[in-house]
Amino acid sequence: MSAQSSHGNPASGLAAAAPAALQHQFADLEQQRESATLGMWVFLITEVMFFGGMFTAYLIYRVMYPAAFQGASQHMLFWAGTVNTAVLICSSLFVALAVHAVQEDHRRLLVFFLLLALLLGLAFLVIKGYEYHDHWVNHKVPGASFQFDGPDPLHAEVFFALYFLMTGFHALHMVIGVGLVSTIAFLAWRGRFSPAYHTPVDNAGLYWHFVDIIWIFLYPLLYLIGHRRLW
Amino acid sequence: MSTATQITETENYLNVDYGIKSWLLTTDHKRIGLLYLASITLFFFVGGFFALLIRLELLTPGGDLVQSDIYNRLFTMHGIVMIFLFLIPSIPAVIGNFFIPMMIGARDMAFPKINLLSWYLFMAGGALILYSILTGGADTGWTFYTPFSTEYSNSRVVAAALGVFVAGFSSILTGLNFIVTIHRMRAPGMTWSRMPLFLWSNYATAVIQVLGTPVLAITLALVFLERVLHIGVFNPQMGGDPLLFQHLFWFYSHPAVYIMILPSMGVISEVVPCFARKRIFGYAFVAMSSVAIAVFGFLVWAHHMFVAGVSVYSALVFSLLSYAVAVPSAVKVFNWTATMYKGSIYLRTPMLYALGFIGLFTIGGMTGLFVAALGIDVHVTDTYFVVAHFHYIMVGGAVMGYLAAIHFWWPKITGKLYPELWGRIAAATIFLGFNLTFFPLFIAGYLGMPRRYHAYAPEFQVLNVFSTAGASILGVGYILPLLYLLWSLRYGKDAGDNPWNAAGLEWMTASPPPTHNFAETPVVTWDPYNYNELPDMPEEE
Amino acid sequence: MAETIVRKRTYLVVWAGLMVLTSVTALVSCINLGQWNAPVALAIACTKALLVALFFMHLRYESSKIVWVWVLAGVFWLSVLFFLSMTDFLTRQFLNVPGK
């Protein structure tokens, strides 16, 4: 059961180069892959708890001040949020197809799908930026300039504080995801991955899907409280 | 072959490479454990220095050594440094990192580079906290209660909170590494029920680290944002609720106390069988109780908030759950005691610390039950009773467990034996000093002396004088191991592979171990704690 | 390698389902269902999250039980955080005593 430690060897990521990617502490590639996957899932659970703190704050304030939250939610940009939800779902599809491509040894498709996902991720951030700008212009940013003419403005300000905090941390994770996927796309273009070794692609995908899931919950909680008109 | 200054010919993890880069860029889990050892020792003495100043101030009833504002900063930074920079990492990051791969027969952790990153994050967090100290410190208490911390305090809250935040990620990554390593890297034949109990404890600890610390992270991030950007979810003036902060804070910080005690319990589960030459009594119960503590520990946090304004019904629920969490801890104490029954007891230094742990942890744990009762808690909250309770567990328990671990595994880590006489003297000094420091505080607290005050009513002075006297003895006791352990590096006798004839895979390789731990991956076919098959404890030299 | 290759078709069907559910939740939010708006929206969100986790994240094809244990543990611990906190906030006005 000998192991070779030659990680950091960029040129030889071809389909038959399995031993070159094995790290010294593992007995075989299977153990390495399973460890990386479990590690990624455990990390995602830590992220669940991280966002969970903010979701708890949201839950408590929404239950205690329902009128304020409903009123404040009317001021969200419904179409921006809905389009962004669709954007992220499509980007998740492309990431899943990217994993499929590397499993079938289609390097070009792999890079293509990753770049598509990347573009959609950037589109999400642009739309979010537009929303933030709109809120700023309409005095919905908590602080001295905050103005709200619906019910319970004191707690409506809490809604907006939570909105900026939750979508802000989500956007931060999107930025990290964009960085991750860019790196993976670059390495993929350089031929680092193969059907035998593509764990980084899988794990970057897991991260991306997780950030999508966070948004899947943020969307109804922030944009769809109570009932609303279409704009 | 045991002259005191023998040149080691065989290659081991210490002499395989020299130079600062080989240490600062190492991915060897053993070297990383030693990096942690050096840094947490430094932080222990920083925290201890604050404790010294606190105890000096409390010698007299008047606030005459420092002003109240400075005193607030002293106890705050004492708490932050001791908890986040010493207790939380101590056993897992030093002993766990060093021995978990060895105990399961692996060559290293699952993620060696993340292990190193963990240490750098710890140092970055420590640097931020040191910066906070050097520029005045925070004065909010280690608990950072809002809205004082977010709105009104004029102290170095941001640096301290950021330091804890960064150090928290070190803790999360360590826990993640432990979990994946224990799941995926056990040697052939090492089933869960053949694992030493130290591994079960550290696994349970890792579960808490991974599930709880992220909530602390977001909470401190929110405190930081509220203080800096005034985006408020904790400030009543902006519609927020200070109790939300306390719920989120204690959701982590209560399980955190189990992060601090579970590894020590794991150590005791290793030391007691070895020095009683007997298999642990009730292996399955001890293993399951570690898991139970990890799970139940998450269900009790609001017992820190009984007088803060939570609803009475909620308080009742949490009080009841707090009683439940004591049960698995008691199970362990019974099992350790039963292990010693009809065993051959050897009162070597590690065993002295383990026995001290069992007694002092029991006192601390039982006083925990007192404060879990709503009626008593209303009376003793924010008094020295609570201070004495948690110091019995954290110092009488966790620190003694840590010292037991250091003394038990020192021969394996360094290949050297420390002078047993001095080991025993230090253990006795620490035990005496500790009790003299903290037992009077139970009485003072019950009689009404409040905590976090730099001046107190004159009738408490006698108790405080005893306590300060004890603290100076305790300080001497802590310095002794620093001296004789360092001495042993150069002048200590060679330890040999297994100076205690102990069970466990780590004792089946050289002292100090080679970089890859084992020449060949072991195949495990025996149960743990097979002391009936092992030779007896070697005679003292 | 013990790895399942999920068919492209599966991904596309899941994607279509997600898009449909998104449209449904958006449209339903324009109807006044009173107290049921929130549970319906959350139920749809949970379904979408489940689809992403099971198919895109390959949970359905994951042979390791430990990964499942950790996912369920995460969900469980999150629920503990939510529900035990709510025991305080939901019962605050039960006794007609100020501050209790």
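Predicted model: local features only at pLDDT ≥ 70, side-chain atom pairs only at ≥ 80, totals over all residues.
1. A residue is called buried if 20 or more other C-beta atoms lie within 10 Å of its own, exposed if 12 or fewer do, and partly exposed in between, with the C-beta atoms placed from the backbone. By that rule Lys113(B) is exposed, because 12 other C-beta atoms lie within 10 Å. Lys113(B) is part of helix H5 (residues 112-134) of chain B.

2. Residues are numbered from 1 along each chain as its sequence is written, and chains are lettered from A and ligands numbered from 1 in the order in which they are written.

3. Chain A has six helices and zero strands; here helices (H or I, at least four residues) and strands (E, at least two) are DSSP runs, numbered from the N terminus. Read from the N terminus on, the order of elements is α-α-α-α-α-α. Along the principal axes, the C-alpha atoms of chain A fill a box of roughly 70 × 30 × 30 Å. Of its 231 residues, 52% count as buried. Among the contacts in chain A between residues at least 6 apart in sequence, 75% join residues at least 24 apart; two residues are in contact if their C-beta atoms, placed from the backbone, lie within 7 Å.

4. Within chain A, have a look at how helix H3 (residues 78-103) packs with helix H6 (residues 199-223): the angle is about 160 degrees and the axes are 10 Å apart. Axes here are lines fitted to C-alpha atoms, for helices over the stretch in contact, and angles run from 0 to 180 degrees between N-to-C directions. That angle makes H3(A) roughly antiparallel to H6(A), since angles over 145 degrees count as roughly antiparallel, under 35 as roughly parallel, 65 to 115 as roughly perpendicular and the rest as oblique. The crossing of H3(A) and H6(A) is left-handed, a term used if the near helix is turned anticlockwise from the far one by less than a right angle, with right-handed used if clockwise.

5. Which residues make this contact? From H3(A) they include Phe78(A), Leu88(A), Ile89(A) and Val99(A), and from H6(A) they include Trp208(A), His209(A), Trp215(A) and Tyr219(A). By class, the contact of H3(A) with H6(A) has 13 nonpolar, five polar and two charged residues. For the classes, Ala, Val, Leu, Ile, Met, Phe, Trp, Tyr, Cys and Pro count as nonpolar, Asp, Glu, Lys and Arg as charged, and the others, Gly among them, as polar.

6. Met77(B), Ile80(B), Val81(B) and Leu85(B) of H3(B) meet Gly126(B), Ile129(B) and Ile133(B) of H5(B). That contact of H3(B) with H5(B) has six nonpolar, one polar and no charged residues.

7. The other pair is helix H4 (residues 90-103) and helix H14 (residues 384-414) of chain B, at about 25 degrees with axes 11 Å apart. This makes H4(B) roughly parallel to H14(B), and H4(B) passes H14(B) in a left-handed crossing. Among the residues in contact are Phe98(B) and Phe99(B) of H4(B) and Tyr402(B) and Trp409(B) of H14(B). The contact of H4(B) with H14(B) has eight nonpolar, two polar and no charged residues.

8. Now to the interfaces. Chain B puts 32 residues in contact with 30 residues of chain A. On the side of chain B that touches chain A, helices H7 (157-184), H8 (197-229) and H9 (242-276) each give two or more residues, and the largest share, nine residues, comes from H8(B). This side of chain B divides into 22 nonpolar, seven polar and three charged residues.

9. The contact between chain C and chain A takes 41 residues from chain C and 39 residues from chain A. Helices H1 (8-28), H2 (37-56) and H3 (65-90) of chain C each give two or more residues to it, with the largest share on the chain C side, 13 residues, coming from H3(C). By class, the chain C side has 31 nonpolar, eight polar and two charged residues.
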